[in-house]
Amino acid sequence: MVANMAVRATSAPLGARCVVLSLDAMAAVPGPGDDGFCRFYTEVKEIEKRDSVLTPKQQIDRLLRPGSTYFNLNPYEVLQIEPEATIEEVKRTYRKYSILVHPDKNQDDQERAQQAFEIINKAWKTLEDEETRKKCMYIVEEAKERTDHMIEEKRKKMRKEGKHSEGIPEDDPVNYKHAIYVMTMKLFADMERKRQHLETRDMEERKRKREAKIEEEEQESLQKEWAKNFEESRQTRVDSWKTFQAGSSKEKKRKKVMGFKPPKPKPESR
C-alpha cells in the first residue's frame, strides 16, 4: 500500500475499519493498473457495500456486541461518524440509525432494540449539546497529540538503533488513523473510569454525611428525651427530698431524746 496515500477512515469496530477513498487520494495514488492500489480499492468498496446494507438486526448486534459497553463510550463510534462531522451530518446519521433500531420497527426483538435505541439516543444527546460535544472533541484532539508523541518516540528509538531508513507502521495513513482511533477509545474509557471514581467517592461522602447526620439526630433525640424525663420527675425528686429531710429531722430529735442520760448521784463524803 502506498505510504503517502491520502485517505479518510471512519471510526469502526475492531476487525472492521471502514475506509473511504477521497477524490484527493485518487489523484495522489498510482493509476488503476497498480496492483497495490487495486487491492486496496477493492477492499474499500467491499467495506462500503457491506456497511451500506446493514440491517436492523446487524445494527442491534453491533451496538450490543461483546465489549459494547467499552465501545459505546465513544459517541462517534456509536454513530459511525467522523469527529469532524457537522451537527447536520450527526443529526442525519442519528435519525437513520434510530429508525433502524427503533423498538416499534423490531417487534420480534423489542428488548434488545430498546437497548440499542437508548445507546443511539445517548450518543446523539452527547453530540447535540455544545458543551459535551466540545469535551468529546478535546478527547479526540488529545488522542491525536498522544499518538503523534508516541510516533515521534518510535522514530527516536529507531534513530538511536541506526534504523534511519526503516519506516514505522503509522507511516501508513490507514494505520495512523487507526492508532488515533484506538487512543481515542482509551481516553473515553479513562474519562468514564474517572467519572465513576468521582461518583463513587461522592456517593461514599454523601453516605458518610448522612450517617453522621442520623447519629447526630439520634443524640439530640436522646438528650431531649432525657431532659423531658428529668423535668417531669422534678416534683417527684423534690417531694422525695422533702420527705427525706423531714424524716431526718425526726430521727435526729428521737436520737437526741433517747440519748439523754441523767447524771449519776455522787456518794456522800463525811
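Predicted model: local features only at pLDDT ≥ 70, side-chain atom pairs only at ≥ 80, totals over all residues.
The buried set in H7 consists of Ala113, Ala116, Phe117, Ile119, Ile120, Ala123, Trp124 and Leu127. These residues are on the same side of H7, because they cover an arc of only 155 degrees around the axis. Their packing partners are helix H3 (56-63), H5, H6 and helix H8 (130-160). H7 itself has 19 residues, and the distance from its first C-alpha to its last is 26 Å, close to the 27 Å expected at 1.5 Å a residue.

On the H6 side, the contact is made by Ile87, Val90, Lys91, Tyr94, Tyr97, Ser98 and Val101. These meet Ala113, Ala116, Phe117, Ile120, Asn121, Trp124, Leu127 and Glu128 in H7. Of the residues in this contact, eleven are nonpolar, two polar and two charged.

Ile119, one of the buried residues of H7, is also touched by Asn72. Asn72 is placed in the loop between helix H4 (68-71) and helix H5 (75-79). With a relative accessible area of 18%, Asn72 is buried, since the cut-off for this class is under 20%. When residues up to four places away in sequence are not counted, Asn72 touches Leu63 and Val78 as well as Ile119.

Note on methods. Residues numbered from 1 in each chain as written. Heavy atoms only, no water. Contact = heavy atoms within 4.5 Å. Helix = DSSP H or I, 4+ residues; strand = E, 2+ residues; numbered from the N terminus. Nonpolar A, V, L, I, M, F, W, Y, C, P; charged D, E, K, R; others polar. Buried < 20%, exposed > 50% of the residue type's maximum accessible area, 1.4 Å probe, protein only. Expected span 1.5 Å × (residues − 1). Arc of directions from axis to C-beta.
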